[in-house]
Amino acid sequence: MRSNAGKALGREIKDYFFITLGLLLYTFGFTVFLLPYEIVTGGIAGVGAIVFYATKFPVQWTFFIINAALIVAALKILGWRFLAKTIYATFALTVMLDIAQKVVEMPDGTFYKLMGEGNDFMSLVIGCMLTGTALAIVFLNNGSTGGTDIIAAVVNKYHNISLGMGLIMVDLCIISSSLLIESFGTFPERCTMVVFGLCTMFIECNMLDFVMNWQRQSVQFMIFSKKHQEIANAIAKETEHTMTILDGHGWYSGDPIKVICLMAKKRESVEIFRVIKSIDPNAFVSQSSVQGVFGEGFDPIKVKVKAQKLEKEMKKQQENA
């Protein structure tokens with residue numbers, strides 16, 4: 001019991017550490033590369049930026065107010081554990097954005113442009129790569145920065161739609177609203193702002209999906225060894241994965257052999273190979289990438305099944321049993 005409680009506490013501490021790291025990276029990318037060039041982004045930070053450019057109302061307070069409303073609305077759907085980290089992220093990012101803006105603000109009230117004048121697009125690319133990576137770090141550690149992340153997380157929970165795609169759908173509405181604000185300049189200038197905003201959305205969301213998919217890549221191992229039992233026990237102990245033992249036989253020799261079939265995350269590959277080699281250096285191992293792994297320990301199956309059809313299937317299984 002104590003061991004499990006200790007592991008759970010360790011995972012929570014690790015989550016909060018990496019969420020904080022992701023928030024710091026997001027704050028740096030947003031305030032240093034995007035805000036000084038008045039680049040419209042998606043998300044609640046984008047709403048805050050639009051409000052700031054139009055009224056000079058602080059970004060962090062718009063961010064905080066909208067997030068507070070969304071957190072209350074999503075509490076029942078996403079649960080306390082997810083939202084506890086979101087609440088932490090909301091408060092932490094509000095403070096970080098406040099401090100960061102004071103750091104980059106010049107005496108005349110404008111923001112320091114690190115990339116210099118005329119390098120808006122270059123600053124956009126760097127900033128969105130940083131913010132997209134930051135969002136992925138936060139999501140991978142069971143948190144969110146709030147705002148449209150919450151909406152995307154709700155959609156992702158019930159539908160097989162990636163977080164990046166979910167954010168794109170919401171961000172399109174936010175960025176397009178720039179066309180309606182006359183204080184942003186003439187209509188052609190507002191169109192330019194929207195185009196830049198669409199670029200930020202594309203780069204940030206694709207960076208988010210790239211980092212998350214890279215971390216979530218799964219592989220399939222087929223392990224052929226006479227020491228299959230020792231290897232299976234060691235892998236189960238080291239990685240806490242379950243395995244399937246298949247019966248096979250050699251085509252040439254005709255000898256029977258056991259084959260271990262194992263699904264794992266790609267990042268676990270080195271550890272698994274190390275275990276195999278330490279027990280049977282002569283084992284034959286096949287590793288292949290898989291498109292998706294769904295079920296316990298991996299991604300949930302997000303396909304709707306009609307209740308009547310599900311009841312019929314369960315009834316058939318009971319009759320056959």
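Threonine 200 counts as buried, at 2% relative accessibility. Buried here means under 20% relative accessible area, exposed means over 50%, and partly exposed lies in between (1.4 Å probe, protein chains only). The model is predicted: local features need pLDDT of at least 70, side-chain atom pairs count only at pLDDT 80 or more, and totals for chains, interfaces and linings use all residues. Residues are numbered from 1 along each chain as its sequence is written, and side-chain values use heavy atoms, with hydrogens and water left out.

Threonine 200 lies in helix α7 (residues 187–216). Helices (H or I, at least four residues) and strands (E, at least two) are DSSP runs, numbered from the N terminus. The threonine 200 side chain reaches the backbone oxygen of glycine 197 at 2.5 Å. This is a polar contact, defined as a pair of N or O atoms within 3.5 Å; within protein, one must be able to donate a hydrogen and the other to accept it, and residues adjacent in sequence count only if both atoms are side-chain atoms. Neighbours within four places in sequence set aside, threonine 200 is in contact with Ile39, Val40, Thr41, Leu124, Cys128 and Ile175. Contact requires heavy atoms within 4.5 Å.

The protein chain as a whole holds 10 helices and 4 strands. Read from the N terminus, the order of elements is α-α-α-α-α-α-α-β-α-β-β-α-β-α. Of its 321 residues, 40% count as buried. Among contacts with a separation of 6 or more, 71% are between residues 24 or more positions apart. The accessible surface comes to about 18800 Å², and carbon and sulfur atoms account for 63% of it. Accessible areas come from the Shrake-Rupley method with a 1.4 Å probe; for residues, only the protein chains shown count as cover.

Two strands pair if DSSP finds at least two bridges between them. Strand β1 (residues 218–224) is mostly covered, with 5 of its 7 residues buried. Aspartate 247 stands opposite lysine 258 of β3. The hairpin of β2 and β3 has 6 residues between the strands, and glycine 254 takes a positive phi near 80° in it.

Charged side chains form a further set of links. Side chains of opposite charge can pair when their charged atoms come close. A salt bridge is taken as a side-chain nitrogen of Lys or Arg within 4 Å of a carboxyl oxygen of Asp or Glu. By this rule the count is 5 salt bridges. Lysine 85 forms one with glutamate 12, with the closest N and O atoms 3.5 Å apart. This pair links distant parts of the chain: lysine 85 is in helix α3 (residues 59–104), glutamate 12 is in helix α1, and 73 residues separate them. Lysine 85 is buried, at a relative accessible area of 1%. Glutamate 12 is partly exposed, at 25%. Lysine 85 also meets aspartate 15 in a salt bridge (2.7 Å, N to O). This second pair again links α3 to α1, with lysine 85 and aspartate 15 70 residues apart. Both lysine 85 and aspartate 15 are buried. Together, Glu12, Asp15 and Lys85 are linked in a network of salt bridges.

Another salt bridge joins the side chains of aspartate 98 and lysine 102 (3.6 Å, N to O). These residues are separated by about one helical turn, because they are 4 residues apart in helix α3. Aspartate 98 is partly exposed, at 26% relative accessibility. Lysine 102 is exposed, at 59%.

Helix α1 (residues 2–34) also holds leucine 21. Leucine 21 is partly exposed, with a relative accessible area of 40%. With Phe17 and Phe18, Leu21 makes a nonpolar surface patch of about 280 Å². Patches are made of residues with over 30% relative accessible area and no salt bridge: like charges are joined within 9 Å, nonpolar side chains (Val, Leu, Ile, Met, Phe, Trp, Tyr) within 5 Å.
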